[in-house]
Amino acid sequence: MDENSPVFAIAMAAELAEMHPQTLRQYDRLGLVVPGRTRGGSRRYSMRDVVQLREIARLGSEGVSLEGIRRVLELENENRALRDRVRELERAFADQLIARPGARVFAATASGSAVSLRAGVRPERNTQIVLYRGPR
């Protein structure tokens with residue numbers, strides 16, 4: 001079970017978050033914490049939802065408005081999604097480097113095009129002088 005698995009019924013989630021179930025329903029209507037639903041329409045909360053509910057309670061006790069709390073949660077969720085995406089791209093990049101070692105080595109030709117080189121191979125050295133005449 002991971003933190004995003006919707007497993008807790010509203011009564012259990014309310015107990016874990018130390019809130020009244022009606023408060024959880026209100027937060028669902030406001031879009032602060034939207035739980036998953038069963039086929040029958042019952043709410044199912046994940047551990048991540050419970051953590052967010054506790055964060056809402058903490059922020060509320062510090063005097064943050066519900067709109068402010070909504071914005072904080074929105075930014076935290078966006079930040080989490082971006083961090084997950086960066087990790088995903090880093091893994092994909094690392095997999096590519098492992099699968100194709102040396103494939104990213106290249107050199108420029110005299111005409112300016114790029115050519116791939118095998119790992120450990122040096123490009124042929126060209127000592128010609130080329131005169132560039134820009135657009136007239």
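Here is a walk through this predicted model, from the whole chain down to a few single residues.

Some ground rules come before the tour. Residues are numbered from 1 along each chain as its sequence is written, and side-chain values use heavy atoms, with hydrogens and water left out. Because the model is predicted, local features need pLDDT of at least 70 and side-chain atom pairs count only at pLDDT 80 or more, while totals for chains, interfaces and linings use all residues.

Let's start with the big picture. The protein chain has 4 helices and 4 strands, where helices (H or I, at least four residues) and strands (E, at least two) are DSSP runs numbered from the N terminus.

Now zoom in on the pair H1 and H2. Their axes are 8 Å apart and they pack at an angle of about 100°. The axes here are lines fitted to C-alpha atoms, for helices over the stretch in contact, and angles run from 0 to 180 degrees between N-to-C directions. H1 is therefore roughly perpendicular to H2, a label for angles of 65 to 115 degrees (under 35 is roughly parallel, over 145 roughly antiparallel, and the rest oblique). Where they meet, Ile10, Ala13 and Ala14 come from H1, and Pro21, Leu24 and Arg25 from H2.

The loop between these two helices holds Glu18. Its phi is near 60°, a positive value in a residue other than glycine. Most residues other than glycine have a negative phi. Glu18 is exposed, because its relative accessible area is 67%. Past the other end of H2, Gly31 also takes a positive phi, of about 85°.

Which residues of H2 are buried? In this helix, residues 21–30, they are Leu24, Tyr27 and Asp28. They lie on the same side of H2 because they cover an arc of only 105° around the axis, taken from the directions from the helix axis to the C-beta atoms. Their packing partners are H1 (10–17), strands S1 (36–37) and S2 (43–44), and helices H3 (47–61) and H4 (66–99).

Leu24 shows up again in the largest nonpolar core, a group of 17 residues in which Leu24, Tyr45, Leu53 and Ile56 touch the most other members. H1, H2, H3 and H4 are the elements that give it two or more residues. (A nonpolar core is a set of buried Ala, Val, Leu, Ile, Met, Phe, Trp, Tyr and Cys residues joined through side-chain atoms within 4.5 Å.) Leaving aside neighbours within four places in sequence, Leu53 is in contact with Ala17, Met19, Leu24, Tyr27, Val33 and Tyr45.

Our last stop is Leu73, in helix H4. Leu73 counts as buried because its relative accessibility is 2%. Beyond its neighbours within four places in sequence, Leu73 is in contact with Leu32, Gln52, Glu55 and Ile56. Leu73 and Gln52 are 21 residues apart in sequence, yet 7.7 Å apart in space, C-alpha to C-alpha. Glu55 is in helix H3 and, at 19% relative accessibility, counts as buried.

Key: Buried < 20%, exposed > 50% of the residue type's maximum accessible area, 1.4 Å probe, protein only. Contact = heavy atoms within 4.5 Å.
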